[in-house]
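Reader: I am new to this structure and would like each term tied to its definition. Could the sequence and the model be shown before the terms are applied?

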Amino acid sequence: MLEIKNLTKVYADGTVALRDVSFKVEDGEFLIIIGLSGSGKSTLLRCINRLVEPTTGQILWDGQDITAADQTELRHIRRKIGMIFQQFNLVNRSNVLTNVLTGRLGYVKQRQSLLHRFPQADRELAFKALDRLGIRDQAYKRADELSGGQQQRVGIARALMQEPHIILADEPVASLDPVLAHSILEHLEVLNQEEEITVLCSLHYIDLVQRYASRVIGLRDGEIVYHGSREDIRRMTDAEFKNIYGQEAVRVGGGLEGSVGGSDDKTI
Amino acid sequence: MTKLYKPEQPRSSLVTGPVAAFASCIIPGLGQLLALQIWRGLLVLGSMASILGLLAWRAVALAPRETGLLAIFSKALARRPFFIGGVLLGALILWLWNVWDAYQQAEPQRRGGVAIFALILFLFFTLGWQISEINLYKAVTELPDVWPLLSKVLWPWEAAVTRDTETVIATAPIQIPCEGSAPESPAPIAGQPYIIAAPTCGELSYMDENNDLVMGTPLHLEGEGFAPNMKTQIYWKDSVGQEFHVRYQGEYVDVQTDSVGEFEVDLVMPYRLQPPSAKGVQLHEVQARQVSEVGGLKPSEPLLLSVERMIETIFLGMMATVFGIVFAIPVSFLAAKNLMSGSKLTLSVYYLTRTILNIIRSIEPLIWVIIAAQWVGLGPFAGIIALTVHSIAALSKLYSEAIEGINTGPIEAIEATGATRLQMIMYAVIPQMIPPFVSFSIYRWDINVRMSTIIGLVGGGGIGFLLI
């Protein structure tokens, strides 16, 4: 169980990204975080594996305080937390296999890995992961030769190599078209259901939220303003919607399976 | 929702138009300053002061012997009427324009206008033309002087190839002055060249008290047994063994042999600067020389030397680049802010490295080579050290800026896998670094080869060594 307690993040320039955020995530949940750009979704996810150092507050994972971990402990925690990104964050000039193998860096011996040597078992694991995501035949291509959807699948394969207990997904489909978005989220859903990996995912599209989330958190200006189950999302009222996305936001398509559009400067 | 566009209220002026104009009339730019057009006022004031200052400096340079402002300017005006007059007129126009401009600036609605700066630029351009001594007339009229040099650069092969030469010499003794028995010309030997001089004694040319040249004894030479139809040079060997090509009325004395290899020539015993101690009888020698080329073409000494030095230069540049790269790579990581901003300690290392690099880079390789030559002696090694030092500083900066410019996404992603810092650099930074590293390194080699030419000039070996 992941428990976030009174988490606050103030950046060096004084921006308050998170304001006293507390919530719990049970193992095996598919938690989706919604909110406007700049509402603190990315910061929240990055605080969990401390890519961003929280200012105050605690993050407890099965009783261990992540915020108090030293460097070695932190690396051991991080390797159990996979992460995928909106911009995929692959090393473009390296091939797909190398990119996937970097998921094992937390486990392998440093000296070996600096020479680009990985144990045979890891290479087999990498091919298994690529197989699972249907991109085995791309293994020796350069990462930037792949299409966006394929690149994100490489990103998932990389996260999978960590044999993670949690996957943090920071707007994983925001750079993809709707069809690819569904396929990527389906991959995450399969991992969530078959491997019981907890998924924390930030998303923009309400219809995707309704389809995949087991629970939803809404953030606005660094504060939690909405908390609901998958069923709650379908019944989301206009008032709740405006509470998350602001008073000027316009809801397009209504509730069930609807998509949402906003005013000119609030694209959702 | 709708936001009306409201233009920002222009800053009002402290004074009215006429007051501003009057202020600018006394001190250019003051009116603009009072109109709160600060930058404009400072620019006008600075420009006016610089233009007048530079003009005064040029006027003094044109009339170095004059004293007094008026005398200097009238002399300078006489020497360069267009330049001095033009700039004075321009400065006057600028002054008037500045007054009018101040009047305009005092009124917020009439602000703007950049034409005055065009005039300022034009005045600076005129001053620059004179200060840098541009002379188009000379460039056109003396264009032919370029050809001999340029043709040597474009077509260096005449100096690059040569043939072996063989010199045939016949000599005859000459006694200075005529005292006792004059020496005989050597007896002719059949089949060998010989010359007969008449007379075999006499006086050299000399300078009298009025520094006028008094001709020495006329000399008639007859030669036989030389190669036919060939240029023969007449040389003189004086009593101390110095040999020189004889001149008569400014021209070298050369004669063409006839079809049977004989010649006759008249000359005058040449001028030699005689030390006062040179008294008594001296034995000189007159020589006839035929220089003929034998054998095939071969590369000349300068060509061989140049090729040797060129190879030295290329390797000098290469070694310096390789050493530069080897040292610059680790240093560049220390000088990359995005990698070093982790803690206070690393950040201070970053600032220290950057400062040291800036200092090293600001010192010319020419200076470094002097220091290195002091250390390891003149030669290519000193050049390598100098270029290496400079390459490390330059490449480290370029590399570290390339590191700072990389995509941070992969770094974040690799960190998130639980990788160590070294692993992160190996997998996220280095793959992104390869293209800029390669291109900067090749560019640096290019610079180093070019620079080693100059380095050689101050003792760093390579082709530049030959320019001394």
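Author: Helices and strands are DSSP runs numbered from the N terminus, where a helix is H or I over at least four residues and a strand is E over at least two. The model is predicted: local features need pLDDT of at least 70 and side-chain atom pairs count only at pLDDT 80 or more, whereas totals for chains, interfaces and linings use all residues. Residues are numbered from 1 along each chain as its sequence is written, chains are lettered from A and ligands numbered from 1 in the order in which they are written, and side-chain values use heavy atoms, without hydrogens and water.

Reader: Where is B:Pro177 found, and what kind of peptide bond joins B:Ile176 and B:Pro177?

Author: B:Pro177 is in the loop between strand 1 (161-176) and strand 2 of chain B. The bond from B:Ile176 is cis, with omega about -15 degrees. Most residues other than glycine have a negative phi, and most peptide bonds are trans.

Reader: What makes A:Asp62 worth a remark?

Author: A:Asp62 is not a glycine, yet its phi is positive, about 50 degrees. The residue lies in the loop between strand 4 (56-61) and strand 5 of chain A.

Reader: How do you know that strand 2 and strand 5 of chain B pair?

Author: Two strands pair if DSSP finds at least two bridges between them. Strand 2 and strand 5 (residues 218-224) of chain B have five bridges in the antiparallel sense, and therefore meet that condition. One bridge joins B:Ile195 to B:Gly223 in strand 5.

Reader: What is the strand order of the open sheet in chain B, and why do some strands stand at its edges?

Author: Three strands form that sheet in the order 2-5-11, with antiparallel pairing. Strand 2 (194-198) and strand 11 (263-268) of chain B each have a single partner strand, so one side of each is left without a neighbour in the sheet.

Reader: Which strands of the four-stranded sheet in chain A are called edge strands?

Author: The sheet is open and antiparallel, in the order 2-1-4-5. Strand 2 (16-25) and strand 5 (64-65) of chain A pair on one side only, and are the edge strands. Strand 1 (residues 2-10) and strand 2 of chain A share six bridges in the antiparallel sense, among them the one between A:Val10 and A:Val16.

Reader: Which residues is B:Pro173 in contact with, leaving aside its neighbours within four places in sequence?

Author: Contact means heavy atoms within 4.5 Å. B:Pro173, in strand 1 of chain B, has partners including B:Ser185, B:Thr200 and B:His284. B:Pro173 and B:Ser185 are 12 residues apart in sequence, but 6.4 Å apart in space, C-alpha to C-alpha.

Reader: How many residues does each chain bring to the contact between chain A and chain B, and how much area do they bury?

Author: Chain A brings 28 residues and chain B brings 21. Buried area is the accessible area (1.4 Å probe) that two parts lose on being put together, summed over both. The two chains bury about 2200 Å², 61% of it on carbon and sulfur atoms. In chain A, A:Arg93, A:Leu105 and A:Leu114 lose the most area to chain B, together 24% of what that side buries.
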